Amino acid sequence: MLLQQELKEKALDKASNLFANQSLLLRKQQKRGRMYTGENFKEVCAAIKKHVHLGDLIGEHVKLKHEHGSIYYGYCPFHEKQHHESKELAVNVTRGVYYCFACHNNGDAITFICNKLNMTQAQAIDFLLNKYNLHDKINPKKIILRVKNG
């Protein structure tokens with residue numbers, strides 16, 4: 001009986017620690033001013049993927065060459081230029097994804113901005129929404145959950 005009580009107490013301690021960690025993470029996100037969650041996040045990402053031409057976005061940072069179909073090739077901006085022997089970065093504009101065959105960096109427009117400009121995901125979403133003026137294409141009441149600081 002005493003062993004069961006100790007196990008219950010340990011489980012409760014573990015659960016309370018997990019809850020405390022999640023609460024801390026939520027508070028950090030709230031301090032940034034915006035949070036994208038659940039369906040909001042999916043809708044925003046879908047709008048960005050639909051309206052942002054990944055080739056143009058990455059082409060602002062790297063020279064891309066259109067070789068065939070919907071795939072562009074260029075040098076990867078995420079690793080040293082001394083490793084560039086061939087064009088390792090492939091950008092598929094139909095799928096809205098990129099991949100580097102050398103450093104294996106990959107993702108979509110949001111991931112590219114996060115990595116290239118050293119931003120959080122929420123900051124990258126805000127950056128892309130402002131850059132491509134996508135706020136009017138999305139219902140802002142459904143998308144952005146504004147959190148009051150304080």
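Tutor: In strand 3, the residue Ile71 is the bridge partner of His68. Before we go further, note that this is a predicted model, in which local features need pLDDT of at least 70 and side-chain atom pairs count only at pLDDT 80 or more, while totals for chains, interfaces and linings use all residues. Residues are numbered from 1 along each chain as its sequence is written, and side-chain values use heavy atoms, with hydrogens and water left out.

Student: How many helices and strands does the protein have, and what makes a stretch count as one?
Tutor: The protein has 6 helices and 7 strands, where helices (H or I, at least four residues) and strands (E, at least two) are DSSP runs, numbered from the N terminus. Read along the sequence, they follow the pattern α-β-α-α-β-β-β-β-β-α-α-α-β.

Student: How do you know that strand 2 and strand 3 pair?
Tutor: Two strands pair if DSSP finds at least two bridges between them, and strand 2 is joined to strand 3 (residues 71-74) by 4 bridges, with the two running antiparallel. Within this pair Leu64 stands opposite Gly74, and the C-alpha atoms of Leu64 and Gly74, 10 residues apart along the chain, are separated by 4.6 Å. The hairpin of these strands has 2 residues between them, and there Gly69 takes a positive phi near 60°.

Student: In what order do the strands of the open sheet stand, and which of them are at the edges?
Tutor: The open sheet is formed by 5 strands in the order 2-3-4-5-6, with antiparallel pairing. Strand 2 (64-68) and strand 6 (106-107) each have a single partner strand, so one side of each is left without a neighbour in the sheet, and that places them at the edges.

Student: What joins strand 4 to the strands on either side?
Tutor: Strand 3 is joined to strand 4 by 4 bridges, and strand 4 also pairs with strand 5 (residues 97-100) in the antiparallel sense over 4 bridges. Leu89 of strand 4 is the bridge partner of Gly74, and Leu89 also stands opposite Cys100 in strand 5. In the hairpin of strand 4 and strand 5, which has 4 residues between the strands, Gly96 takes a positive phi near 75°.

Student: Why is Leu64 called buried?
Tutor: Buried means under 20% relative accessible area, exposed over 50%, and partly exposed in between (1.4 Å probe, protein chains only). The relative accessibility of Leu64 is 18%, and therefore Leu64 counts as buried. Leaving aside neighbours within four places in sequence, Leu64 is in contact (heavy atoms within 4.5 Å) with residues including Ile58, Tyr72, Leu89 and Val91. On strand 4 (residues 89-92), Leu89 and Val91 point one way and Ala90 and Asn92 the other way, and all are buried.

Student: Why is helix 4 called roughly perpendicular to helix 5?
Tutor: The axes of helix 4 (residues 109-117) and helix 5 (residues 121-131) come within 9 Å and cross at roughly 110°. Axes are lines fitted to C-alpha atoms, for helices over the stretch in contact, and angles run from 0 to 180 degrees between N-to-C directions. Angles under 35 degrees count as roughly parallel, over 145 as roughly antiparallel, 65 to 115 as roughly perpendicular and the rest as oblique, so helix 4 is roughly perpendicular to helix 5.

Student: Which residues of helix 4 and helix 5 make the contact?
Tutor: Helix 4 contributes Ala109, Ile110, Ile113, Cys114 and Leu117, while helix 5 contributes Gln121, Ala124, Ile125, Phe127 and Leu128.

Student: Asn118 and Asn133 both lie in loops; are they buried or exposed?
Tutor: Asn118, in the loop between helix 4 and helix 5, has a relative accessible area of 71% and is therefore exposed. Asn133, in the loop between helix 5 and helix 6 (140-143), has 48% relative accessibility and so counts as partly exposed. Although it is not a glycine, Asn118 has a positive phi of about 55°, and Asn133, also not a glycine, has one of about 50°.
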